[in-house]
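Dear colleague,

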Amino acid sequence: MAARREWDTLIRGGLVIDGTGTTPVTGDIAIKDGRIAARGTGLDASKAKDVIEADGLWVMPGLLDIHTHFDLEVELDPGLPEAVRHGTTTVLMSNCSLGICFGHQRRNGEDPIVDCFARVENMPKPVLRKAADLATWTTTAEYLDHLDTLKLGINVIPMIPHSMLRAEVMGLRESVSRDPREDELQRMEALLETAMGEGYVGFSTDALPFHFLAEDPHRKTKIPSQFGSYKELKRLTAILRRWDRLWQATPPKDNPAEVFRNFMLTSGRVHGKPLKVTAVAAMDVAANRNLVKLAKILTRLLNSTLFKGHFRFQALAAPFRLYWDGPVNPLAEEIPELRELNEPDLEDREARQRILADPDYQARFAAMWMHGKQGGLAGLKRKMRAEQMAFDRDMAQMVFHSGCPADWVGETFEDVFRRYQVSFGMPDVIRSEEERAAFDALPLMATTPDVGEPWFIIGLFQLYDTDLRWWTISANRDMEVVKKLLVDPQIFPGFNDSGAHLTNMAFYDGNLRCLQLAQADGMERVAAQVKRLTRDPADFIGIEAGRIETGDVADIAIIDPEALKTYDSDAGLKFIHRDVFEHEQLVNRSDGVVTHVLVGGGLVWTRDGFTKAHGKTKLGRALRHRDAGASATEKIAAE
């Protein structure tokens, strides 16, 4: 008589790294009806319908990605394949004050999703309009109900985004042109209060000084969250404090006093109860080495017994490699002369050409480009890595990728520039007819080869516009510094920015890179990092995830440690065409490293690729806060 099948799946003989940080043990995990039914050793395989042999593999809770912008992609492809394939099973969305919890918000000729997302996240407007067309709900409750209907490939966690909250109450135009009236501020509070009662885990704001709107007449105007006063911020975060919910923030980085004042809102000593805050981002910026030091000091100060805060910066587990489409890149928005080239639509080459041909603009661009490169106080600050700009304009760190002569691909701008300079007197250095034609065509260089590097850059932008693709590493060039950030108990591994910047960056494998760095230091460090990528952020956010104890939802990632050890993220970086976007996207490919991913007990990814269930069966959940259902009165009484 055949044995009764008690379990749907048995994962057998893997090294279980359970997210507690304790020493991993070899064992089995049985799954029934989407949950962990049993854990142990020697579990009877005959009781399972399916068996996953995990000998020699790591078995762990599914990984969390705590900084994503998947809000739009989940509407077009709810399977979220670029997250799943790297072992991610839960993502936090609606960061940086942007999201779609109020629907498309199209009123009075305004299109807030397009206006807010296009430049901040450098997403093509046709992609944004396609997603916005689907956002037909109007309330935060309806949005959660909508997410519950999607065939999610992983778990998603929405937040309430500040820019959209302001636009909902004031209208987009008014939200960036005046302060809210008292009744409008009360309406914002009421909407946020309602959302917390519905189970939203938190609220996101944005104060980075280079996030701008993308539609007329706002192209020189920052996004709505930037116009929120400290009074507004304090009143809205007071609601989060009462509900013990999360504030995700980006700091006004050029104003240290304002940064400290805002983040002091975390202080339990000052405000009676700590406010959970996670902020972007602790990175070793190439142009300013002091930022990472200040981030660590600020974190320790806010969490000290003096202030009794609950504060975490986020850190990226990789070099911050950014791809540029000619002059277009979100990082360019920080610099006024580059921002001018980012204001026109991506398709508006003529507008950029007019700007580049303007002598006054050329002079301003040249002054910007050479700032700090010619001695003086600015030169000393540059030498000491104490500049304000995140983009250091170092041509030796700028690398050609495509859209240029084949001879240039993989070379730095410095290499090609120096060869161009000497080619007038030594034509034999020219490597090919294609390179010769490019040199001859450079608009500003053909007659005046000694004008210097700003004119070389202007010439490249004039000649190739956005067809020229190149990259630079603007932060985290020293991985030893990065490793120290990743093991800091008061900093979360994160800031992968998944789901945004379609052609600029790809850190979907950020969690795997974090584990790879830990692997070099032994299994004790691996166990600690698994905890920091699963249970710790889940507890901080306040969700039921990041665990594989009996009774827990079976969100599980299985990793091949030998494949992880030899994994080369750069080799897996590529541009692909995504049909759902009708656009290309920069992605990672870590295939072979993650052998299996289970979400809600359902197998969604294996070594062979996505399963039939991916995108066809609802496996993931729209997660609410674990205290969803408790009223504010009940929360206060419980305290």
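In this predicted model, helix H6 (residues 162-170) and helix H8 (residues 182-198) have axes that come within 10 Å and cross at roughly 125°. Angles of 65 to 115 degrees count as roughly perpendicular and those over 145 as roughly antiparallel, and H6 and H8 are therefore oblique to each other. The crossing in which H6 passes H8 is right-handed. On the H6 side the contact is made by Leu165, Arg166, Glu168, Val169 and Met170, which meet Glu184, Arg187, Met188 and Leu191 in H8. Sorted by class, the residues of this contact are five nonpolar and four charged, with no polar ones.

The largest pocket has a volume of about 1,000 Å³, and it is lined by 43 residues, of which Leu208, Pro251, Lys253, Ala281 and Leu291 lie nearest its centre. Two or more lining residues come from each of helix H10 (256-263) and helix H12 (290-302), and H12 gives the largest share, eight residues. The lining of the largest pocket comprises 29 nonpolar, 10 polar and four charged residues.

The second largest pocket holds about 320 Å³ of space, and among the 25 residues that line it, Ala207, Gln226, Gly228, Glu258 and Asn262 are the closest to its centre. Helix H9 (230-243), strand S11 (246-249) and H10 are the elements that give two or more residues to this lining, with the largest share, four residues, coming from H10. By class, the lining of the second largest pocket divides into 10 nonpolar, nine polar and six charged residues.

How many cavities of 30 Å³ or more does a search of the whole structure find? The search finds two. The largest cavity contains about 170 Å³ of space, and of its 19 lining residues the closest to the centre are Ala118, Arg119, Asn122, Pro344 and Leu346. Helix H3 (112-120) and helix H13 (336-342) each supply at least two residues of that lining, which by class has nine nonpolar, two polar and eight charged residues.

In the second largest cavity there is about 50 Å³ of space, and its lining includes Ile66, Leu92, Thr278, Gln314 and Phe492. Helix H23 (residues 535-541) gives the most to this lining, with three residues, and the lining as a whole has seven nonpolar, two polar and no charged residues.

With best wishes

Definitions and conventions: Residues are numbered from 1 along each chain as its sequence is written. This is a predicted model: local features need pLDDT of at least 70, side-chain atom pairs count only at pLDDT 80 or more; totals for chains, interfaces and linings use all residues. Side-chain values use heavy atoms; hydrogens and water are left out. On a 1 Å grid over the protein atoms alone, a cavity is a set of points where a 1.4 Å probe fits but cannot get out, and a pocket is an open set with protein on both sides within 12 Å along at least five of seven lines; lining residues have an atom within 4 Å of a point. Grid points are joined across faces, edges and corners, and a volume is the space filled by probe spheres set on the points. Ala, Val, Leu, Ile, Met, Phe, Trp, Tyr, Cys and Pro count as nonpolar, Asp, Glu, Lys and Arg as charged, and the others, Gly among them, as polar. Axes are lines fitted to C-alpha atoms, for helices over the stretch in contact, and angles run from 0 to 180 degrees between N-to-C directions. Angles under 35 degrees count as roughly parallel, over 145 as roughly antiparallel, 65 to 115 as roughly perpendicular and the rest as oblique. A crossing is left-handed if the near helix is turned anticlockwise from the far one by less than a right angle, and right-handed if clockwise. Contact means heavy atoms within 4.5 Å.
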